[in-house]
Amino acid sequence: MALSKINPSKTKSWKKLSAHFDQIKEYHLRTLFDANPERAKKFSLKYGDLFVDFSKNRITDETFELLLELADEVKLREGIAEYFSGENINETEGRAVLHTALRAKKDDSVLVDGENVIPEIVEVRERIKVFSDEVLLGQKKGYTGKTFTDVVNIGIGGSDLGPVMVTEALKFYKNHLNTHFVSNVDGDHVHEILKKLDPETTLFIIVSKSFTTQETLSNALTLKKWFLQHAAEKDVAKHFVAVSTNLEKIDAFGIDKENVFPMWDWVGGRFSLWSAVGLSIALAIGYTHFEELLDGAQNMDSHFKQAPFAENIPVILGLLTVWNNNFFGVETEAIIPYTQYLHRFSAYLQQGIMESNGKSKDRAGNTTSYETGTIIWGETGTNSQHAFFQLIHQGTKLIPTDFIGFKKPLHGDREHHNKLMANFFAQTEALMNGKTEEEVRSELNAQEVSPEKMDALVPFKVFAGNKPTTTLLLDKLTPKSLGSLIALYEHKIFVQGLVWNIFSYDQWGVELGKQLAKNILVDLENSKMGKHDASTLQLLQYFKQ
């Protein structure tokens with residue numbers, strides 16, 4: 001089986017949505033709320049400790065029903081079944097897409113080429129548990145007999161962004177180990193990290209499926225060279241771990257085969273934190289908390305698989321993106337978590353969403369006649385309010401925004417948390433309602449502003465409002481709630497890609513730059529130049545002067 005190849009813009013529901021959009025595109029959210037006292041309740045959902053209010057989106061009951069019709073017409077339900085079952089839905093690479101299997105229950109069964117992969121996943125989980133426990137309990141030691149104090153994760157893309165985001169998000173649960181991440185091939189990055197390390201007490205994790213990724217191998221070799229300035233070649237086996245499939249190159253590097261963890265080709269890098277790629281997470285917060293992260297994701301998997309579409313959070317959020325992108329012409333979405341712990345969340349989702357759905361060919365190989373993908377950006381609240389919210393409030397671009405908040409602060413500082421969450425709620429209210437000219441004049445009257453000055457100020461103090469937002473409110477930031485939140489966005493990616501009739505799980509677009517970089521590196525390291533366009537040739541010559 002394979003995913004359907006249905007052009008959404010040719011469906012009956014899409015045509016209905018187009019006609020419907022023309023009727024309601026000027027509706028204001030204030031009017032919609034005034035007309036329906038039950039609107040907030042109608043367009044809100046709760047699952048576990050997650051409460052989602054999407055009522056501040058520019059939709060009506062009819063919009064909602066038509067979006068659900070679209071989901072049915074493009075065969076989303078059948079697609080979800082194939083997504084979870086091990087079908088090769090990554091068709092261009094001939095692979096299944098089974099990051100969901102990484103957090104499945106141990107008695108589940110998921111077949112890939114007729115073989116149940118769950119026993120192997122459970123075995124690797126057990127190895128992660130044993131390894132992380134041995135390091136944390138001081139049973140696994142460095143070459144001088146000292147226990148480890150620092151862990152360095154060496155990877156790029158999904159081998160970096162996921163572990164970085166999660167370890168930062170769950171820093172409250174951190175143990176005594178200090179975790180560091182080296183990703184950029186920029187030598188300044190790795191050399192700054194080296195300043196913080198002691199070779200006797202540092203454990204290095206090299207994460208690269210092929211063990212050939214240029215950035216990762218360059219950094220790994222630099223760290224090994226530094227390590228060997230203090231230790232012997234045989235000591236590499238005690239300090240270096242690999243998450244990879246290239247056993248030959250791992251062995252040549254000097255890594256003990258007992259310290260090698262597998263990767264599977266049915267897990268895309270940007271969805272791999274649930275696998276042995278998350279070893280640095282298990283070391284940073286302990287395996288029990290890592291398992292809770294998996295459990296939270298598995299709970300969201302169950303919801304996505306089983307809930308009717310009208311009550312299905314990832315389905316609804318995915319369809320709202322389609323509505324905003326393809327009918328309102330929205331190009332970007334902001335994601336604003338109101339906790340400093342999630343300061344890397346937007347960057348993590350940039351890769352997950354933009355690498356997945358940044359495609360212009362549909363599943364039949366045709367150029368799409370409609371927009372796909374959205375540009376993802378964001379920062380934590382309240383920092384973002386003092387940085388770019390002006391554009392969202394009064395700029396010329398419509399920017400749907402997700403607000404993510406928590407009812408309870410981790411450190412129990414209720415005074416700070418109330419101030420934080422007052423801003424959280426105020427921003428969605430302000431973006432929805434705006435401020436009318438009448439309200440502005442009333443406010444200036446109360447301040448006894450002269451009529452002349454009032455007339456001059458009014459245009460600048462009016463806020464149109466009618467800016468769509470979705471509010472996600474959880475009880476507390478825990479490993480389990482974070483797992484659920486990440487999985488929600490993973491499934492939202494799938495919904496969007498399925499509707500847009502694109503392959504979300506290949507990434508051919510990143511290959512060309514890699515290929516050209518190899519050629520240019522030869523030019524930089526030799527006197528003779530290869531063939532390039534005039535601009536690139538000029539730049540290379542200037543660089544080499």
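Predicted model: local features only at pLDDT ≥ 70, side-chain atom pairs only at ≥ 80, totals over all residues.
Student: How is the packing of two helices described?

Tutor: Two packed helices are described by the angle between their axes and by the distance separating those axes. In this model, helix 21 (residues 511-525) packs with helix 22 (residues 534-544) at an angle of about 40°, and their axes are 10 Å apart.

Student: Which term describes the orientation of helix 21 and helix 22 to each other?

Tutor: Angles under 35 degrees count as roughly parallel and those from 65 to 115 as roughly perpendicular. Helix 21 and helix 22 are therefore oblique to each other.

Student: Is the crossing of helix 21 and helix 22 left-handed or right-handed?

Tutor: Their crossing is right-handed. Helix 21 contributes Ile520, Asp523 and Leu524 to the contact, while helix 22 contributes Thr536, Leu540, Phe543 and Lys544. By class, the residues of this contact are four nonpolar, one polar and two charged.

Student: Which element supplies the largest share of the lining of the largest cavity?

Tutor: Helix 14 does, with four residues. Helix 14 (313-326), strand 10 (332-337), strand 12 (401-406) and strand 13 (469-474) each give at least two residues to that lining. Its classes are six nonpolar, six polar and three charged residues.

Student: What is the volume of the largest pocket?

Tutor: A pocket, in contrast to a cavity, is an open set of points. The largest pocket has a volume of about 1,000 Å³. Among its 39 lining residues, Thr213, Gln507, Val510, Glu511 and Lys514 are the closest to the centre. Helix 21 returns here, with the largest share of the lining, six residues. The lining of the largest pocket comprises 12 nonpolar, 17 polar and 10 charged residues.

Student: Which residues are the closest to the centre of the second largest pocket?

Tutor: The second largest pocket holds about 370 Å³ of space. Of its 19 lining residues, Thr339, Gln340, Pro409, His417 and Leu420 are the closest to its centre. Helix 17 (residues 414-433) gives the most to this lining, with three residues. By class, the lining has seven nonpolar, 10 polar and two charged residues.

Note on methods
Residues numbered from 1 in each chain as written. Heavy atoms only, no water. Axes fitted to C-alpha atoms, helices over the stretch in contact; angles between N-to-C directions. Parallel < 35°, antiparallel > 145°, perpendicular 65-115°, else oblique. Left-handed = near helix turned anticlockwise from the far one by under 90°. Contact = heavy atoms within 4.5 Å. Nonpolar A, V, L, I, M, F, W, Y, C, P; charged D, E, K, R; others polar. 1 Å grid on protein atoms, 1.4 Å probe; cavity = no way out; pocket = protein on both sides within 12 Å on 5 of 7 lines; lining within 4 Å. Points joined across faces, edges and corners; volume = space filled by probe spheres on them.
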